[in-house]
Each structure stands twice: as structure tokens, then as C-alpha cells.
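Visitor: I am new to this structure and would like to be walked through it slowly. Could you show it to me before I ask anything?

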Amino acid sequence: QLQLVESGGGLVQPGGSLRLSCTASGYGLDAYGIGWFRQAPVKEREGIACSARDTKYTNYPDSVKGRFTISRNKFENYVYLQMDKLTFEDTAQYFCAASGSRRSINQCLLSGRAYDYWGQGTPVSVSS
């Protein structure tokens, strides 16, 4: 079974940047559509970035568009989430998720229901 592991979270000041990483052991992430999600206390889970298996298909909600970028390193088997211009509202637990569905080849969804595998998450705290 695919097991995802996130890393790279931490404490950052407003306006700063972080890069989150997602990897898996024994499975190539290029065979999966990948999504990044976050959940803050007392808030619903929010899809914030996704990449179809065909990496030219990506999607972001307006809340992070222009600040967050999803990318893949196929050879090292990582998917990254570069987060710039962070604000207090970006504080949350961040998760990566994977989908092996046929739809994930060239579609990229920000709904958690589209994903079958989830990591344990990494915390991001934006504070001055």
C-alpha cells in the first residue's frame, strides 16, 4: 500500500517561504495524481494544490494562487509544495494525497474525495 510522508513544515514569519516535500517508499509518485491539502483548527479541509500525472495539469484555489507552486522531481520521487508570501491564514496541518485513478492522468482535483492515499501531515505555523 502506498504510504506518503510529508516533511518541511515549521515556524515561519509572515511574508516568508517554506517548501514542503512529499515522498513514498517503494512506489513511484509519477504514477499518481498528487494533491496538497491543509486543515486548520475548527476549519474544514481545503485543497490547495494538485498535479495530475501529466504534470502540465495543475490547479490551485484563489486563496493560494500566485503564492503556492506544486512541482515534481521524478528521479528523486518527490512532490514539492513551494509556499511564498505566507500569511497568518496559512497556518495549518498540511497533507499530501495520491490518486491512482484513470482520471488522475490528465485531471487534477482539489476535492479530498478524489484521493485514496494520505500522509500523516506536517505542521506549518505562520507567526511573528
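Predicted model: local features only at pLDDT ≥ 70, side-chain atom pairs only at ≥ 80, totals over all residues.

Guide: Residues are numbered from 1 along each chain as its sequence is written, and side-chain values use heavy atoms, with hydrogens and water left out.

Visitor: In what order do the four strands of the open sheet lie?
Guide: Strands here are DSSP runs of E with at least two residues, numbered from the N terminus, and two of them pair if DSSP finds at least two bridges between them. The edge strands, each pairing on one side only, are β1 (4-7) and β7 (68-73). With antiparallel pairing, the order is β1-β3-β8-β7.

Visitor: Which residue of β8 is the bridge partner of I70?
Guide: Strand β8 covers residues 78-83 and pairs with β7 in the antiparallel sense over six bridges. Within β8, the bridge partner of I70 is L81.

Visitor: Over how many bridges do β4 and β9 pair?
Guide: Buried means under 20% relative accessible area, exposed over 50%, and partly exposed in between, with a 1.4 Å probe and protein chains only. By that rule β4 is mostly covered, with six of its seven residues buried. It pairs with β5 in the antiparallel sense over five bridges, whereas β4 and β9, also antiparallel, pair over seven bridges.

Visitor: What is the phi of V42, and is this residue buried or exposed?
Guide: Most residues other than glycine have a negative phi. V42 lies in the loop between β4 (33-39) and β5 (46-51), in a hairpin with six residues between the strands. Although V42 is not a glycine, its phi is positive, at about 60°; because its relative accessibility is 89%, V42 counts as exposed.

Visitor: And is N77 buried or exposed?
Guide: N77 is placed in the loop between β7 and β8, and this residue, not a glycine, has a positive phi of about 65°. Because its relative accessibility is 17%, N77 counts as buried.

Visitor: Which backbone oxygen does the side chain of S99 reach?
Guide: S99 sits in strand β9 (residues 92-99), where G33 stands opposite it, and at 3% relative accessibility it counts as buried. Contact means heavy atoms within 4.5 Å, and, leaving out residues up to four places away in sequence, S99 touches Y32, G33, S104, A114, Y115 and D116. At 3.2 Å, its side chain reaches the backbone oxygen of A114.

Visitor: How far apart in space are C50 and W36?
Guide: C50 is found in strand β5 and, at 0% relative accessibility, counts as buried. Neighbours within four places in sequence aside, its contacts include I34, I70, L109 and Y115. C50 and W36 are 14 residues apart in sequence, and their C-alpha to C-alpha distance is 6.1 Å.

Visitor: What is the volume of the largest cavity?
Guide: On a 1 Å grid over the protein atoms alone, a cavity is a set of points where a 1.4 Å probe fits but cannot get out, and lining residues have an atom within 4 Å of a point. Grid points are joined across faces, edges and corners, and a volume is the space filled by probe spheres set on the points. The count comes to one cavity of 30 Å³ or more; of the 13 residues that line the largest cavity, the closest to its centre are S99, S104, Q107, L109 and Y115. The volume of the largest cavity is about 80 Å³.

How values were computed: Polar contact = N/O pair within 3.5 Å; in protein donor to acceptor, adjacent residues only side chain to side chain. 1 Å grid on protein atoms, 1.4 Å probe; cavity = no way out; pocket = protein on both sides within 12 Å on 5 of 7 lines; lining within 4 Å.
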